[in-house]
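Hi there,

Here is the structure I promised to pass on to you. Have a look at it first, and then read on for what I found in it.

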Amino acid sequence: MNSEGRLLELEDLRKWFEIRRGFLSSKVNYVKAVDGVTFRLDEGMAMSLVGESGSGKTTLGKTIIRLYEPNGGRIIFQDRDVTHLKANDLKWYRRMTGLVQQDPFGAFASHFTIFRSLEEPLLIHNTVKSKEERAEKVFKALEEVRLTPVEDFAYKYPHMLSGGQLQRVAIARAIILEPRLLVADEPVSMLDASVRIEILTLLRRLQERLRLGVIYITHDLATTRFFSEWALIMYAGHVMEKAFTQEILRNPLHPYTRALLTATPEPNPENRNRFKQVPPGEPPALIDPPKSCRFSPRCPHAFDKCFKEEPPEFEAASGHWVKCWLYERS
Amino acid sequence: MGWLKTGSSKPSAGLKGVLREVLSYKSAIAGIVILLFLIGLSVYTMVTIPLPEAIQAWRSSEAWSRNPRNAQPEWIELFYGRRLPRTIKVSLGETKASEVLREDGTLSVSWVIHFNYDYDDFPSEIIVFFNSSYVEKPVVEIYWIRPDGDEILLKKHSLRRPDDRLYLSNDLGLELKLERLFESKIGKKPNFTVTVEKGLFSEYSQDPRVLKGVYGMRLEATLSKNDVLNAELVVYGTVHGLAGTDHLRRPLIIGLLWGAPIAMSFGLTTALLTTSLGLIIGTISGWYGGKIDSVIQRIVEINAVLPFLPILILLTTFYRIDLFIILLSVVVLSIFSLGIKGTRILVMQIKSYPYIEAAQAYGASNMRLILFYVIPKILPPVVPGMISSVPGFVFLEAGLSYLGLGDPFLPTWGKIISDAQTNGAFYKGMYYWVLEPAFMLILTAIAFALIGMALERIVNPKLKEL
């Protein structure tokens, strides 16, 4: 299959949303939600996609699993170009990818039992023919996410379960087709703090055991340390920095990453006497973002070049890429 | 709108749960009881009077010749407090004839028939039906025997044809004769117009009073050897059956009974078809959006300003009309109703729910999403609407029939009302003629309205407070 254990590669991936205005929709504008993202994810690795609201991280996640059709660039999955797959090929790709959403309460059709919700993917892909085998698979998936005894949960309706339990079911649904890639879109941000760590631990264990590639979308840098090998910092549709998670947390290079890290609360009593410097302003509107570096209007270290030209990605250290003119080597 | 919530709302626990909840409303129980009654009535009707038979009977005048004209229903007595006359039929065949053989080979035959009359009112009409075969037209002498013993020669009648009829009520000569008889018996002119019925059935008194007792009629005729003569005396009452009769002597009960299955099947089929087709069109419009949506929405808007009834009247005027074509035109004219806009909005709302996105992520097709994920969600508000729309269609059919645009063959409630109208039922005091079909129409409407309202309350709990 794939020589170097490569699972997913993005090449200059773009997702622009069309906005039509004027008489008979004559004027076309684009919201450049994801604008040229390149990265590689290996088999069995987890990657965090970190960014604030509106940075395009959710759009990127949905484009990766082809809920959105990309406008440009390529998605290579297991050495196969999946960028514009259609019909049966797309159905295959759907089986190879899974999605865990942010809102566990909205993730299930209220008129389906948990059993039916889990059975649906099996019915659609027809991977398991007999009814008994399907039931076996459903129960196994529920065991996998530790909702035991399974019979207690299988025949309940979604409204009878708690948020944490529902998120476990959502994970079970995402892995029931034995995918290779899982996109988890802020899977714990709507849950109580007390169950967040349980869900994350569960996801991490499953990821390691099933050798899943996971893209973990979050706005919370603190959980990335615990969860992923790789981290990718997004800002206004661009990837600002990507490196090993440990590396980014220990040695953030991009001014934006630094700002994010400063904003992360730390349980240190000293903090009450310290003033945290946060860049002023807001992220740019994605309809008409700055032509140069998208962080330049807010950047405390910006110089002339930053306002003129968009920086490429510089490899500041081995495996540590930064999209910032500060790290240009002449 | 509780049913729209994705997670926290209570899902319907299947058909059983819905039924149990429906039965917690007394009004719904009443509605169901009425509906079951109407369904039972329809089944009974369809089994006992098959449709072809009913249509044929409804359209023939001969079948009802022994029924009184414009008779009220029998139970109307309860309001008058008097026994109103039923129709009495006596046939010669039931009695022995006395025969005398004459020298010339002819037979002189005489029959006497008797019947008891103890009603509190005069009959409405008297007819003698003959049924005979002969070589030479026989002459029949008819005598009337009153309970007090008097015998009156009614008529010397020469048969005009084998199945001749003698309309005694219309006989002006007999009327004059009876008036003179009354004058001579009581010594002066009576206070009332002596019609044939009153003359034959009243006491000899100043005011008309029914003389109760056993009446008789004697027929005398001279027949040749192989001649056969039979006759039937029909004394028409003023009440008939459960529902009375109309101007063509037809028992209204047939129209009323057959009206039930026709009205209900028309109303239910139209409601079901328009609602489900509208649901599908609205869902497609909301789900796919874009050009399909625009086209559907423009059609809906154009359809909304088209005058529904005039178009229907036009259609039914120009084309051969039967119930099926009316049904089709009503369905075609109402599938692009404004209800589609509501469905469309609901679908657009549901389309944005995370569970739809999740289903797309695991590969559910558009078809599957619409059928299993979207429609079950929008069905709850649609079903009570459908049930509530049934009376509208039932009334529409009745209205068209009333306007003379309905199916010309089927006996329907609207047609009965239409007949009543053209024959001036209200002016002549024949209220039953209008009120009976109106009652059936209202009963049907109430049944569906009660059930629909209860369902609506279950689906939309906000209405419970009203």
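Between chain B and chain A there are 10 residue pairs in polar contact, counting pairs with both residues at pLDDT 80 or more. That cut-off applies here because this is a predicted model, in which side-chain atom pairs count only at pLDDT 80 or more. On the side of chain B that touches chain A, two elements give two or more residues: helix 12 (354-361) and helix 13 (366-402) of chain B. Helix 12 of chain B gives the most to that side, with six residues. By type, the residues on the side of chain B that touches chain A are 10 nonpolar, six polar and four charged.

The contact as a whole takes 28 residues from chain A and 20 residues from chain B. About 2,000 Å² is buried between chain B and chain A, with 59% of it on carbon and sulfur atoms. One of the salt bridges joins B:Arg368 to A:Glu120, where the closest N and O atoms are 2.9 Å apart.

Now for the strands of chain A. Which order do the eight strands of the open sheet in chain A follow? The order is 6-7-8-3-9-10-12-11, and the pairing is mixed. Strand 6 (97-100) and strand 11 (314-317) of chain A are the edge strands, each pairing on one side only. From one strand to the next, the twist averages 20°.

At the strand 11 end, three bridges link strand 11 of chain A to strand 12 (residues 320-322) of chain A in the antiparallel sense. There, A:Phe314 has A:Val322 of strand 12 of chain A opposite. Elsewhere on this sheet, helix 10 (residues 255-263) of chain A lies across strand 3 (46-50), strand 9 (230-235) and strand 10 (238-244) of chain A. Helix 10 of chain A runs at about 100° to strand 9 of chain A.

Strand 1 (residues 6-21) of chain A has partners of its own. With strand 2 (residues 27-42) of chain A, strand 1 of chain A pairs in the antiparallel sense over 13 bridges, and A:Arg6 stands opposite A:Asp42 in strand 2 of chain A. Strand 1 of chain A also runs antiparallel to strand 4 (residues 72-77) of chain A, the two being joined by five bridges. Here A:Leu8 has A:Phe77 in strand 4 of chain A as its bridge partner.

Definitions and conventions: Residues are numbered from 1 along each chain as its sequence is written. Chains are lettered from A and ligands numbered from 1 in the order in which they are written. This is a predicted model: local features need pLDDT of at least 70, side-chain atom pairs count only at pLDDT 80 or more; totals for chains, interfaces and linings use all residues. Side-chain values use heavy atoms; hydrogens and water are left out. Two strands pair if DSSP finds at least two bridges between them. Helices (H or I, at least four residues) and strands (E, at least two) are DSSP runs, numbered from the N terminus. Axes are lines fitted to C-alpha atoms, for helices over the stretch in contact, and angles run from 0 to 180 degrees between N-to-C directions. Contact means heavy atoms within 4.5 Å. Buried area is the accessible area (1.4 Å probe) that two parts lose on being put together, summed over both. A salt bridge is a side-chain nitrogen of Lys or Arg within 4 Å of a carboxyl oxygen of Asp or Glu. A polar contact is a pair of N or O atoms within 3.5 Å; within protein, one must be able to donate a hydrogen and the other to accept it, and residues adjacent in sequence count only if both atoms are side-chain atoms. Ala, Val, Leu, Ile, Met, Phe, Trp, Tyr, Cys and Pro count as nonpolar, Asp, Glu, Lys and Arg as charged, and the others, Gly among them, as polar.
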